[in-house]
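Please open the model in a viewer and have the selection tool ready.

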2 protein chains.
Amino acid sequence: MKSDKISEAVVRRLPVYLRYLNELHLREVATVSSQELGQKLDLNPAQIRKDLAYFGDFGRKGIGYDVSYLIEKIRHILKLDQQINVVLVGAGNLGHALSNYNAFLKDNMKIVAIFDAYTPKVGTKINNLVVQSMEELTATIKEFGIRIGIITVPDVEAQDVADKLISSGIEAILNFAPTILKAPPHIRIHTADFTTDLQSLAYYLDNGKEDADHDEA
Amino acid sequence: MKSDKISEAVVRRLPVYLRYLNELHLREVATVSSQELGQKLDLNPAQIRKDLAYFGDFGRKGIGYDVSYLIEKIRHILKLDQQINVVLVGAGNLGHALSNYNAFLKDNMKIVAIFDAYTPKVGTKINNLVVQSMEELTATIKEFGIRIGIITVPDVEAQDVADKLISSGIEAILNFAPTILKAPPHIRIHTADFTTDLQSLAYYLDNGKEDADHDEA
């Protein structure tokens with residue numbers, strides 16, 4: 001698996017494939033073609049074949065992909081066959097929403113601790129997790145072997161939180177604060193900013209009729 | 001402006017450029033080079049020049065980009081110089097978080113109505129907006145000329161809500177439900193699914209040392 005050659009766009013499509021494959025598996029569908037996947041996911045079948053070929057030779061001509069086998073492989077590629085502990089910093093509205101979101105609890109990825117810098121929030125409970133003070137952050141990350149951090153603090157506090165997460169040993173960050181975080185090159189940061197999502201949507205408002213691709217990037 | 005040639009990846013980077021340009025403008029910085037932009041945004045300067053060149057000849061050799069002029073141009077490209085009304089469907093935790101998020105209120109894009117199918121929520125207030133029942137959806141969209149819809153309902157309800165938004169005249173949807181929505185080709189759908197964000201982050205956990213690009217897709 002040559003990770004350095006695989007673009008982020010490909011990696012970001014894998015969970016999308018996985019979700020639909022899980023759906024097929026629940027419906028007891030044994031095989032699926034790249035054509036069917038493409039139709040359902042609004043993607044070019046050749047693109048799907050190319051994406052999956054980065055990781056191995058999973059499809060069989062005329063038969064397609066074995067659903068269970070491909071699920072197992074993608075889960076392995078995405079490391080969803082490991083338990084990955086996640087910490088959330090920022091127990092505001094968005095932090096509440098994320099920790100409530102049941103999708104998080106799937107696939108061995110789990111928020112195991114919540115932190116907030118605001119004293120009155122410390123000690124309150126969100127989904128069976130007690131909000132902890134920032135002083136306990138490093139010790140908790142080490143104790144639970146937490147590898148991913150989610151930042152849902154206001155933008156002015158985000159860099160400080162990122163620095164604390166990184167110095168405590170976090171390897172990857174999902175940042176919801178509308179700001180660009182600086183981090184050493186070995187730390188992976190994804191920004192989940194719905195402001196930019198909304199703004200890029202607006203671009204398509206009058207171009208929609210000519211440019212009809214969905215989520216192709 | 002040949003919208004059919006511009007990839008979604010480019011369009012999605014424009015709001016990121018804009019945010020930093022606004023920051024420079026506040027600091028009264030008059031010009032910026034693609035090198036400075038690239039360093040701040042963790043992007044290749046050549047990529048930035050190429051992105052901006054799709055839309056016009058904004059930069060001047062040896063001087064760089066005029067910050068105010070580029071802000072004005074990007075705002076125009078992203079249609080942020082228009083008032084764009086947004087509707088939110090789903091007044092749960094996530095809907096609350098999004099409607100509270102002050103970033104939404106910038107740049108003339110505004111949530112002007114909130115809907116929920118759950119009767120006890122109808123009539124409650126979120127940030128000065130009264131949650132309305134789904135029966136009023138079409139009339140409200142037409143009355144306010146709403147063009148973008150945000151879906152924050154559970155995944156099983158998302159397609160039904162999307163269909164209602166589209167038949168009411170919505171042109172673009174930001175979908176937070178962890179499901180793939182079907183829509184006619186002239187409707188633009190972006191999926192803001194932090195489950196896939198998290199899952200694609202996990203991919204990089206052990207590859208981080210070799211593969212250090214941030215958000216390059």
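Two residues are said to be in contact when heavy atoms of theirs lie within 4.5 Å. The model shown here is predicted.

Begin by selecting B:Leu21. Setting aside neighbours within four places in sequence, B:Leu21 contacts B:Val32, B:Leu37 and B:Val67, and likewise B:Leu70, B:Ile71 and B:Ile74. B:Leu21 also belongs to the largest nonpolar core, a set of 104 residues, where A:Leu21, A:Ile148 and B:Leu21 have the most contacts inside the core. In soluble globular proteins, nonpolar side chains tend to be buried together.

**A loop of chain B.** Next, select B:Ala177, in the loop that connects strand 9 (172–175) with strand 10 (188–191) of chain B. Is B:Ala177 buried or exposed? B:Ala177 counts as buried because its relative accessibility is 0%.

**A helix of chain A.** Proceed to A:Phe194, in helix 8 (residues 194–203) of chain A. A:Phe194 has a relative accessible area of 3% and is therefore buried. From A:Phe194 to A:Ala177, 17 residues away along the chain, the C-alpha separation is 9.7 Å.

**Charges over rings.** Finally, select A:Arg188 together with B:Tyr204. The charged end of A:Arg188 lies over the ring of B:Tyr204, 3.5 Å from the ring centre. For B:Arg188, the charged end sits over the ring of A:Tyr204, at 3.6 Å from its centre.

Conventions: Residues are numbered from 1 along each chain as its sequence is written. Chains are lettered from A and ligands numbered from 1 in the order in which they are written. This is a predicted model: local features need pLDDT of at least 70, side-chain atom pairs count only at pLDDT 80 or more; totals for chains, interfaces and linings use all residues. Side-chain values use heavy atoms; hydrogens and water are left out. Helices (H or I, at least four residues) and strands (E, at least two) are DSSP runs, numbered from the N terminus. Buried means under 20% relative accessible area, exposed over 50%, partly exposed in between (1.4 Å probe, protein chains only). A nonpolar core is a set of buried Ala, Val, Leu, Ile, Met, Phe, Trp, Tyr and Cys residues joined through side-chain atoms within 4.5 Å. A charge sits over a ring if NZ of Lys or CZ of Arg is within 6 Å of the ring centre and within 35 degrees of the ring normal.
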